Amino acid sequence: MAQNPDARGAAPDLSVQLGPLRLRNPVMVASGTFGYGEEYADFLDLTQLGAVVVKGISLAPRPGNPPPRLVETAAGMINAIGLENVGVDVFLESKLPYLRDRHVPVIVNIFGNTLEEYAELAARLDGVPGIVALEINISCPNVKSGGMIFGTDPAMAARVVDAVRRSTTLPLITKLTPNVTHIGEIARAAVGAGSDMLSCINTVAAMAVDIFTRRPKLANIFGGLSGPAVKPIALRCTYEVLQAVDCPVIGIGGIATATDALEFLLLGARAVQVGTANFIQPAVTAEILRGMELFLRVQKLQSVEEYIGTLDRQCLFPFAEIACGMTDLP
């Protein structure tokens with residue numbers, strides 16, 4: 001976006017209220033794209049982030065799926081990592097202290113193969129200093145048990161959330177899958193069972209093949225598509241979820257610029273998570289925050305809260321970003 005020399009004065013307030021959480025800004029990093037934070041500390045001041053959502057954690061360590069597990073596409077990538085992680089014991093002993101020392105809010109993404117595993121994980125993490133919320137993963141498309149199986153049926157989604165709710169007092173965020181016909185039904189079931197917030201979306205089920213070997217490019221055959229290709233799907237899902245429930249929603253999907261992030265906030269999402277873009281530019285979240293602040297200055301808004309949820313559903317052309325020459329906002 002062209003610099004506006006008049007856009008000076010006090011910095012806009014980027015802090016947001018996300019359910020019971022007060023965050024310094026609405027930009028988080030998405031689970032599975034930022035490791036446990038250490039990997040990115042040389043590129044980014046972690047204290048700039050609203051929160052870090054760590055790589056999904058299970059009770060026991062998981063090796064994940066066999067390689068190859070990643071495929072690049074024209075506008076994103078397909079992954080079939082299979083929720084590889086160090087397990088809750090190593091996370092608490094070796095990974096969490098690093099983030100806690102950086103004073104960045106930590107949201108732990110949890111998953112299990114059974115209701116009992118979800119509940120036990122939640123109990124293990126309850127009351128641990130530094131952890132501000134749990135994100136319940138019922139939406140991973142590239143594992144053969146658990147994951148998305150729980151997230152495609154409203155009754156099962158509710159049972160998972162209920163089991164976790166009974167095991168912890170931490171705020172709960174349920175991460176939804178786009179791989180359903182009516183995402184609003186899953187959203188209502190999760191909130192009805194005790195989820196404080198929702199995040200959407202996880203990756204879109206996908207596959208890739210090689211015409212020369214005549215084989216799938218992923219050992220798991222299927223994986224999850226992420227990156228710019230999924231942003232329109234994510235915007236649609238976020239909008240539908242916001243219409244279905246009355247709780248804070250976190251937008252995820254193809255966010256790589258401030259413009260992308262602001263689109264989700266415009267719909268009414270109270271925060272966003274940045275995923276695949278971290279692999280391309282490790283400090284992309286800092287760029288997004290700078291662009292967001294510049295946008296608010298140009299719009300003469302004192303806080304991001306003034307902008308959230310201000311979508312006017314009437315469609316007009318030309319679009320404002322074209323009319324105002326704002327198409328290159330970082």
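Visitor: Are F34 and Y40 buried or exposed?

Guide: This is a predicted model. In it, F34 is buried, and Y40 is buried too.

Visitor: What makes F34 and Y40 a stacked pair?

Guide: Their ring centres lie 4.1 Å apart, with the planes at 15°. Centres within 6.5 Å make a pair, and planes under 30 degrees apart count as stacked. So F34 and Y40 are stacked. The structure holds four aromatic pairs.

Visitor: Why is the pair of Y118 and F150 called edge-to-face?

Guide: The ring centres of Y118 and F150 are 5.5 Å apart, and their planes stand at 80°.

Visitor: Which parts does the pair of Y118 and F150 tie together?

Guide: Y118 lies in helix α2 and F150 in helix α3, so the pair ties together parts that are 32 residues apart in sequence.

Visitor: How do you know that Y118 is buried?

Guide: Its relative accessible area is 0%. Buried means under 20%, so Y118 qualifies. F150, with 6%, is buried by that cut-off as well.

Visitor: What span is expected of helix α6?

Guide: At 1.5 Å a residue, 20 Å is expected for its 14 residues. Helix α6 reaches 20 Å from its first C-alpha to its last, close to that value. Its buried residues, including L235 and V241, pack against α5, α7 and β9, among others.

Visitor: Which element gives the most to the lining of the second largest pocket?

Guide: That is α8, with three residues. The pocket holds about 730 Å³ of space.

Methods:
Residues numbered from 1 in each chain as written. Predicted model: local features only at pLDDT ≥ 70, side-chain atom pairs only at ≥ 80, totals over all residues. Heavy atoms only, no water. 1 Å grid on protein atoms, 1.4 Å probe; cavity = no way out; pocket = protein on both sides within 12 Å on 5 of 7 lines; lining within 4 Å. Points joined across faces, edges and corners; volume = space filled by probe spheres on them. Helix = DSSP H or I, 4+ residues; strand = E, 2+ residues; numbered from the N terminus. Expected span 1.5 Å × (residues − 1). Buried < 20%, exposed > 50% of the residue type's maximum accessible area, 1.4 Å probe, protein only. Contact = heavy atoms within 4.5 Å. Phe/Tyr/Trp six-rings, centres within 6.5 Å; stacked < 30°, edge-to-face > 60°.
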